[in-house]
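Colleague: Thanks for sitting down with me. Could we go through the strands and the words used for them?

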Amino acid sequence: MINVMIIEDDPMVRDINSKFLKKMDDFKLLKAASNLTEAKEFMEDNKVDLLLLDIYLPKENGIDFLKQLRKDGAEVDVILITADKTSSMIQEALRYGAVDYLIKPFTLERFKEALGKYKQMHNSFSNSNIIEQKTLDKYISSASLDKSNDEEDFEKGINKYTYKIIWNEIESSKSDYKTAEEISASSGVARVTVRKYLDYMEKEGKVKKLIEYGKVGRPQHKYKIKSK
């Protein structure tokens, strides 16, 4: 059984998420807390496997709580639930080990998907001391995004969260060309990774590449959204 605590200040949302959770097999709701103080006190005396954590709480911040959990070495996994869909917030959440990120409002199907994937990961780690690469890849290389009917197929090795972060950066420049170095600096994603994703976007026909040849050194590659 996977022990879960919900941390959500909105009573209606807290109740909805509690009902969602109760529809899932192998999950047990131990606590539905309205604030971080209540949550911290509960965690002192109870073993929680998974937190469903809102980011914006009155006078409190879920990301700061996540950072403190990692600093303290707390053995608990976190799925963030928030209306914030900015790339910087998603990136920060992933950096501090969030296993998923649900954007409000989300469907029951998306909620089930997040918990189902978490259950597979939790059971794999609990039942064996050795994890094969193929099994590990299911949990690390394929970060979840809310699916839609027109979602594009991503080739192997392309992470959907990383793709969206880089796309948001190049989209924000609109008609201006940007180098991989500039996108790397603004997004926090490694330059080599940015270059890989930009090349992928170029193959998709979404971005246009400009090669500038200077008098000294290698030519500079710049990218912008391709005009329709």
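Colleague: Which residue in β2 is the bridge partner of Ile-2?

Modeller: The partner is Phe-27. Bear in mind that this is a predicted model, where local features need pLDDT of at least 70, side-chain atom pairs count only at pLDDT 80 or more, and totals for chains, interfaces and linings use all residues. Residues are numbered from 1 along each chain as its sequence is written, and side-chain values use heavy atoms, leaving out hydrogens and water.

Colleague: What makes β1 and β2 a pair?

Modeller: Two strands (DSSP E runs of at least two residues) pair if DSSP finds at least two bridges between them. β1 (residues 2–7) and β2 (residues 27–33) have six, in the parallel sense, so they pair. β1 also pairs in the parallel sense with β3 (residues 50–54), over four bridges; there Ile-6 has Leu-52 as its bridge partner.

Colleague: Why is β1 called mostly covered?

Modeller: Buried means under 20% relative accessible area (1.4 Å probe, protein chains only), and six of the six residues of β1 are buried. Ile-2, Val-4 and Ile-6 lie on one side, with Asn-3, Met-5 and Ile-7 on the other. In a regular strand the side chains alternate between the two faces of the sheet.

Colleague: How do you know that β8 and β10 pair?

Modeller: β8 and β10 (residues 220–225) share two antiparallel bridges, so they meet the requirement of at least two. Lys-178 stands opposite Tyr-223 in β10.

Colleague: And which strands flank β10 in the open sheet?

Modeller: The order is β8-β10-β9, with antiparallel pairing. The edge strands β8 (178–179) and β9 (207–212) each pair on one side only.

Conventions: Buried means under 20% relative accessible area, exposed over 50%, partly exposed in between (1.4 Å probe, protein chains only).
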